[in-house]
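User: I am new to this structure and would like to learn how to read its features. Please take me through them one at a time.

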Amino acid sequence: MRIQYMIHADFELPGIIEEWAKQNKFFESFCRPFAGDKVPNPNEYDILILMGGPQSPLNIAESPYLEDEITLIKKSIKAEIPVLGFCLGAQLIGEALGARTEKSPNKEVGVFPIELTAEGCEDPLLKSLPKHFSVVHWHNDMPGITAEAKILATSKGCPRQIIRYSPLIYGFQCHPEPTRKNIEAMIKHCPNDLTPGKFIQSRVEFLNNDFTTINKRMVQILDNLIASTKYLEAINSSN
């Protein structure tokens, strides 16, 4: 299987997803549009994964290359290619589907629990996860919602943590993917984001969390994606 990552900052990488892909001997490609990389064509990959980053679709004029990514997402959806987006990536999925990014009710930076909705408990990607579990958060905004979208998980700080836009298109405002090493890099590059707040942890609190368990949740989600009948049908139809 061919995985295409869209990277928005060199310090915000796929984390445990990359380790999982290597263990499964999947082919991985990395595109950094912010550094001038040309976006790929949908026929070059079997799954598109959009990572987070410091950019915001609310200020897209400051990062015009995001428009190219939005077009790429539209093409991927039309081609029935599975798309996963994390944080900024989730917001770009919403934008591609005509749902404008919004400000989150609260800024969240740290590890806090999310709760699956009734839809989330039944979703094929989340079916093996507990109703409540902790994940990483690092955001000011949240994805827009389409009429067809289903909210699968919420938190006290943000009502849109996991969204299913369609059976193959998922947006994660939260982050199950960063390893402890990834968080260390993010803190190093964005220390001012850890100013005190209701849903903001200090550096010590942040790094003292159980990232191993958080990453296991991500692996469960990825394994469920691979096992999904609709996903396999999409792969078969593209070959």
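**Reading burial, cores and a pocket**

Analyst: Start with Cys 190, which is buried, with a relative accessible area of 17%. Buried means under 20% relative accessible area, exposed over 50%, and partly exposed in between, with a 1.4 Å probe and protein chains only. This is a predicted model, in which local features need pLDDT of at least 70 and side-chain atom pairs count only at pLDDT 80 or more, while totals for chains, interfaces and linings use all residues. Residues are numbered from 1 along each chain as its sequence is written, and side-chain values use heavy atoms, with hydrogens and water left out.

User: How many disulfides are there?

Analyst: A disulfide is a pair of cysteine sulfur atoms within 2.5 Å. By this rule the count is 0. Cys 121 is in none, and its nearest cysteine sulfur, that of Cys 174, is 14 Å away. Cys 121 is partly exposed, at a relative accessible area of 32%. Cys 190 is also in no disulfide; the sulfur of Cys 87, the nearest, is 11 Å away.

User: Which residues have the most contacts inside the largest nonpolar core?

Analyst: A nonpolar core is a set of buried Ala, Val, Leu, Ile, Met, Phe, Trp, Tyr and Cys residues joined through side-chain atoms within 4.5 Å. The largest one has 30 residues, and those with the most contacts inside it are Ile 3, Ile 49, Leu 84, Phe 86, Leu 126, Ile 162 and Phe 172. A second, separate core has 22 residues, including Cys 31, Leu 48, Val 83 and Ile 169.

User: What is Ile 49 in contact with?

Analyst: Contact means heavy atoms within 4.5 Å. Setting aside neighbours within four places in sequence, Ile 49 is in contact with Ile 3, Gln 4, Tyr 5, Met 6, Ile 17, Leu 84 and Phe 86.

User: How many residues of α3 are buried?

Analyst: Helices (H or I, at least four residues) and strands (E, at least two) are DSSP runs, numbered from the N terminus. In α3, 9 of its 9 residues are buried. What covers them includes β3, α2, β4 (83-86), β6, β8 (162-166) and β9 (169-172). Gln 91 lies in this helix and is buried, with a relative accessible area of 3%. Not counting residues up to four places away in sequence, Gln 91 touches Pro 57, Thr 101, Asp 141, Met 142, Pro 143 and Gln 173. Just after α3, Gly 98 takes a positive phi of about 85°.

User: Is Ala 61 buried or exposed?

Analyst: Ala 61 is exposed, with a relative accessible area of 71%. Its place is the loop between β3 (47-50) and α2 (65-78). By contrast, Asn 182, in helix α5 (residues 180-189), counts as buried at 12% relative accessibility.

User: Which residues are closest to the centre of the largest pocket?

Analyst: On a 1 Å grid over the protein atoms alone, a pocket is an open set of points where a 1.4 Å probe fits, with protein on both sides within 12 Å along at least five of seven lines; lining residues have an atom within 4 Å of a point. Of the 22 residues that line the largest pocket, the closest to its centre are Gly 53, Pro 54, Gln 55, Asn 140 and Asp 193. β6 gives the most to this lining, with 4 residues.
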